[in-house]
2 protein chains.
Amino acid sequence: MDNRPIGLFDSGVGGLTVVKQVMKVLPNEKTIYFGDTARVPYGSKTKETVTKFSEQIIRFLLTKDVKAIIIACNTASSNSYDSLVRTFPDIPIFEVITAGVESCIDATKNKRVGIIGTQATVRSGAYELGIKQRMPDIRVFTNPCPLFVPLAEEGWTDNEVAYLTAKSYLDPLLENGVDTIVLGCTHYPLLKRCISKVVGTDVTLVDPAKATAMKMRRFLETNDMLNSDGDGSRTFYVSDHTQSFDTLCERLLKQHYIAEKTDIEKY
Amino acid sequence: MDNRPIGLFDSGVGGLTVVKQVMKVLPNEKTIYFGDTARVPYGSKTKETVTKFSEQIIRFLLTKDVKAIIIACNTASSNSYDSLVRTFPDIPIFEVITAGVESCIDATKNKRVGIIGTQATVRSGAYELGIKQRMPDIRVFTNPCPLFVPLAEEGWTDNEVAYLTAKSYLDPLLENGVDTIVLGCTHYPLLKRCISKVVGTDVTLVDPAKATAMKMRRFLETNDMLNSDGDGSRTFYVSDHTQSFDTLCERLLKQHYIAEKTDIEKY
């Protein structure tokens, strides 16, 4: 048994979709979430900058005595995971790409899949590499969707602008005959209804968050690291007190949480 | 005469629209530009965070021996100017709001004006205050346009999504009968064609950049601080090497510049 908390982090508030799944799958675990709301978004920035920001956050989470960390951000997972596990060899680190890759392989029937994400995630090629390593004959089509994060942050998740934007980004994938699309950014589940309207019911949408939470659960079970006292408390830290955190907490987690502000640049 | 450079800074690349005007109005001056591309955007962040980031940038610019600074960012101008002049009393600091206020007062005939900008700029009330102080009977209507910056960064400046977004943001101002709208964000001139389509030819669009450059020129002339050797060199620094800088430099300044990366968090 290990009663220390699980740490999660994201560039901003998108990672709360992962917190939600962890709350469902591991309701007794304590969680500590860090959202980098002062420097959000990561998706338009370079690998070097994303890695540096992620290292600062992990150093911060380690001061909170976490037992494991989930990178609840596709951009940081795809650009910085390999580097982060080398830099922090003593803490188990999980990312969201592997779960997305496995779910997508399970879901496709025609072996033509689409990956959508930020520019940095798509540029990294992490999803393609993960899929090709497991099943080389799957055809992978990708398209970055840089406006999805600001649309989700603005709350324009199901209006005409969102629909036209989604159509512009997703039509090229549909023209390639994909039967599965991975929502390769933790913000994108917020736009799921709009994305579904564009792609129709024949295309499966994969959200890596749930499978990532399940992976963490199996890890804790296997290593006898589950929390035994089960208070399931949630603590939130941000680098800036922006409105998006409050709005999304209420919307996703159905609860008002007060986040503590942290000067992350000091770590 | 003072041959030291003028410093300019912005949250990212929007401030290059101000650099362009300074190049026109003060072609012989050396300029040093800093774009905070690692932490862009500022418009959705708090006053406290924007002020902290701006202080770091001014400390960096001071190491480059600048003779004056232009805050080429409406969010930092409106949220942090007062604090910055107190923190750095020895360097002349210019902001973009005053020029926008004065141009807008000159332009309006019916004394009904609109201000568009980021959430942080609109929330600050800086434009309204500036206008009311000079001409209390002007009616000011405001609307934040958070999607304009990501649209400009994506290069979607004149398509259907941009048009519908502009319509959604600008229709409330038009319904209030404004005859003048201030483009209260240095990115917005990039969307000028699309904004013009929505507002029509009867509404004057005010871009504070040119008037700000003129203010700087008058200041240097009055104080005998113009550059006498006139090489007009431009130096660019960024906090992250993102593509947006290269793209916008070529588009706006018609030239390829190589920006040097700086670890701004150290300042």
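## A buried serine to start with

A residue counts as buried if 20 or more other C-beta atoms lie within 10 Å of its own. A:S80 has 28 of them within 10 Å, so A:S80 is buried. Keep in mind as you look around that this is a predicted model.

Where does A:S80 sit? You'll find A:S80 in helix α3 of chain A. Setting aside neighbours within four places in sequence, A:S80 is in contact with A:K47, A:V50, A:T51 and A:S54. For a sense of distance, take A:C194, which is 114 residues away from A:S80 along the chain. The C-alpha atoms of those two residues are separated by 30 Å.

## Helices α2 and α3 in chain A

The axes of α2(A), residues 47-62, and α3(A) come within 9 Å and cross at roughly 60°. At that angle α2(A) and α3(A) are therefore oblique to each other, and the crossing is right-handed. On the α2(A) side the contact is made by A:K47, A:V50, A:T51, A:S54, A:E55 and A:I58. Facing them from α3(A) are A:T75, A:A76, A:N79, A:S80, A:S83, A:L84 and A:T87. Sorted by class, the contact of α2(A) with α3(A) has four nonpolar, seven polar and two charged residues.

## The α2 and α3 pair in chain B

Now hop over to chain B. Here α2(B), residues 47-62, and α3(B), residues 74-87, have axes that come within 9 Å and cross at roughly 60°. That makes α2(B) and α3(B) oblique to each other, with a right-handed crossing. From α2(B), the residues B:K47, B:V50, B:T51, B:S54, B:E55 and B:I58 take part. They meet B:T75, B:A76, B:N79, B:S80, B:S83, B:L84 and B:T87 in α3(B). By class, the contact of α2(B) with α3(B) has four nonpolar, seven polar and two charged residues.

## Helices α4 and α6 in chain B

Another helix pair in chain B is worth a look. The axes of α4(B), residues 97-107, and α6(B), residues 126-134, come within 9 Å and cross at roughly 50°. So α4(B) and α6(B) are oblique to each other, and their crossing is right-handed. In α4(B), B:I97, B:T98, B:G100, B:V101, B:C104 and B:I105 do the meeting. Their partners in α6(B) are B:A126, B:Y127, B:G130, B:I131 and B:R134. The residues of this contact divide into seven nonpolar, three polar and one charged.

Back in chain A, which residues of helix α4 are buried? They are A:I97, A:A99, A:G100, A:V101, A:S103 and A:C104. These buried residues of α4(A) pack against quite a list of elements of chain A: the helices α3, α6 and α10, plus the strands β5, β7 and β8.

Helix α1 of chain A, residues 16-25, has buried residues too: A:L16, A:T17, A:V18, A:V19, A:Q21 and A:V22. What do the buried residues of α1(A) pack against? In chain A, they pack against strands β1, β2 and β3, along with α10 and α11.

## The nonpolar core

The largest nonpolar core has 166 residues. Those with the most contacts inside that core are A:I71, A:L191, B:I71 and B:L191. Zooming in on A:L191, and not counting residues up to four places away in sequence, you'll see that A:L191 touches A:F148, A:L151, A:A152, A:T157, A:A162 and A:A166.

## Where the two chains meet

How many residues of each chain are in contact across the interface? The tally is 20 residues of chain A with 20 residues of chain B. On the chain A side, the elements that give two or more residues are α7(A) and α8(A). Of these, α8(A) gives the most, with five residues. By class, the side of chain A that touches chain B has six nonpolar, seven polar and seven charged residues.

B:P146 counts as buried because it has 23 C-beta neighbours inside 10 Å. Leaving aside neighbours within four places in sequence, B:P146 is in contact with A:P150 and A:E154 in chain A, and with B:G43, B:S44, B:T118 and B:Q119 in chain B. From B:P146 to B:N223 is 77 residues along the chain, with 39 Å separating their C-alpha atoms.

How values were computed: Residues numbered from 1 in each chain as written. Chains lettered and ligands numbered in written order. Predicted model: local features only at pLDDT ≥ 70, side-chain atom pairs only at ≥ 80, totals over all residues. Core = buried A, V, L, I, M, F, W, Y, C linked by C-beta atoms within 7 Å. Buried ≥ 20, exposed ≤ 12 C-beta atoms within 10 Å, placed from the backbone. Contact = placed C-beta atoms within 7 Å. Axes fitted to C-alpha atoms, helices over the stretch in contact; angles between N-to-C directions. Helix = DSSP H or I, 4+ residues; strand = E, 2+ residues; numbered from the N terminus. Parallel < 35°, antiparallel > 145°, perpendicular 65-115°, else oblique. Left-handed = near helix turned anticlockwise from the far one by under 90°. Nonpolar A, V, L, I, M, F, W, Y, C, P; charged D, E, K, R; others polar.
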